[in-house]
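Good morning, colleagues. May I ask you to look at the model on the screen while I speak about its charged pairs and then its pocket.

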Amino acid sequence: MKGFVDAKVYVENQGIITTNVGVENGKIAYIGEDKSKITEPYPYSPDQVVLPGFIDQHVHGAAGADAMDGTVSALNTIANALAKEGTTSFLATTMTQSPENILKAMTAVKDYRESASMLGARVSGIHLEGPFISLKHVGAQPKEYVAIPSPEVFDTYNSASGNAIKVVSLAPEEEGAEELIRHLDKNGIVASIGHSDAGFAVIEKAREWGLKNVTHTFNAQRGLHHREVGAVGSAMLFDDLNCEAICDTIHLSVPAIKLLIKNKPHDKFTLITDAMRAKHLADGISELGGQEVIVKNGEARLKDGTLAGSTLKMNDAIKNLVLKCDVKFLDAIDFATINPAKNLGLFNDVGSIKVGKIADFAILDGEFNVHLTVRDGEIVYKN
């Protein structure tokens, strides 16, 4: 069988151990001392470590393509680019746009998933970011397409996607949000507070309705104040809320990242890239939702200076946590694997290395470079 021989492997509940890992039919079939079982070893060297494939639950695009392009080709480009950073599963993330454009994006994801492409990272579903957001915190989302939260509109989008929507970012203070959040919770979809002006009282109620996630914590939401803790304070106060974070040290300062990690249970902090089409490309002029974006020194901003997503790679997010934020290596890995898998209800299949799970691996060296990415037992990227 395929696999790794005498490799340093992050095995679920065991930490990093030297062992052998066997893969059959796209699944992890063996973990143990018998190296003779591995007849087709993956390319691996002793200075590398075998990790679970990374999961990015919030990424718009990469390599010149965006989920809002609404084409199978664009999704294929994104999937191949993300594999270069060790990501094996991702949510194609949309943005506030016209109903026609959102429906086009939904249909493309449905078509792509039905094609069962084995190239690059797996599209595990959709993160619907907007259009049910607050005009006060639109960020880089176009104001003219902001919509009132509606279960009926959501169902139209979800149906067009082949029921692929896993996360919905919305403003819980808006009229109709309670009904939508309850509807999402009933259907096993993660309701996330994002682009919102909600304060503590609203968020406390929204948790009872089914709110479970915080979209790119600190960004495009009401900040922490001593008389109103806002979305940021609530995110840290309520242990049950899973917090996304863009750890590029641009969207969040190092102290902000440290503060958030310090105030969250270990399993409620999730790394995301929130990357847009400029990721994996050189600096220059790019685009987001029909708006011109200027990318300089890796920072993507609208003409007015508003941050417009990131160009962050997942392996660099992990590197930033370890080298700049004093986070332990395996904790940083958990934030990109186990935590998003659990948050999305995917942990039975992905997120850790365990017999019976899908054979998704990211192989890193000591400098956090990705040398190999394996998805469903097949090599989808080799450096």
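Arg 122, Asp 360, Arg 375 and Asp 376 are joined in a network of salt bridges. A salt bridge here is a side-chain nitrogen of Lys or Arg within 4 Å of a carboxyl oxygen of Asp or Glu. The model is a predicted one, in which local features need pLDDT of at least 70 and side-chain atom pairs count only at pLDDT 80 or more, while totals for chains, interfaces and linings use all residues. Residues are numbered from 1 along each chain as its sequence is written, and side-chain values use heavy atoms, with hydrogens and water left out.

By that rule, the count is 19 salt bridges. I shall take some individual pairs.

Glu 378 and Lys 2 meet through their side chains in a salt bridge, at 2.8 Å from N to O. This pair links distant parts of the chain, 376 residues apart: Glu 378 belongs to strand 21 (residues 378–382) and Lys 2 to strand 1 (residues 2–11). Helices (H or I, at least four residues) and strands (E, at least two) are DSSP runs, numbered from the N terminus. Glu 378 is partly exposed at 40% relative accessible area, and Lys 2 is partly exposed at 22%. For these terms, buried means under 20% relative accessible area, exposed over 50%, and partly exposed in between, with a 1.4 Å probe and protein chains only.

Glu 178 is partly exposed, at 34%, as is Arg 182, at 42%.

Helix 4 also holds Asp 185, whose partner Lys 212 lies in strand 13 (residues 211–214), so this pair ties together parts 27 residues apart in sequence. The closest N and O atoms of Lys 212 and Asp 185 are 2.4 Å apart.

The largest pocket has a volume of about 330 Å³. Of its 23 lining residues, Gly 139, Ala 140, His 195, Ala 220 and Leu 307 are the closest to its centre. A pocket is an open set of points on a 1 Å grid over the protein atoms alone, where a 1.4 Å probe fits, with protein on both sides within 12 Å along at least five of seven lines; lining residues have an atom within 4 Å of a point. Its volume is the space filled by probe spheres set on the points, which are joined across faces, edges and corners.
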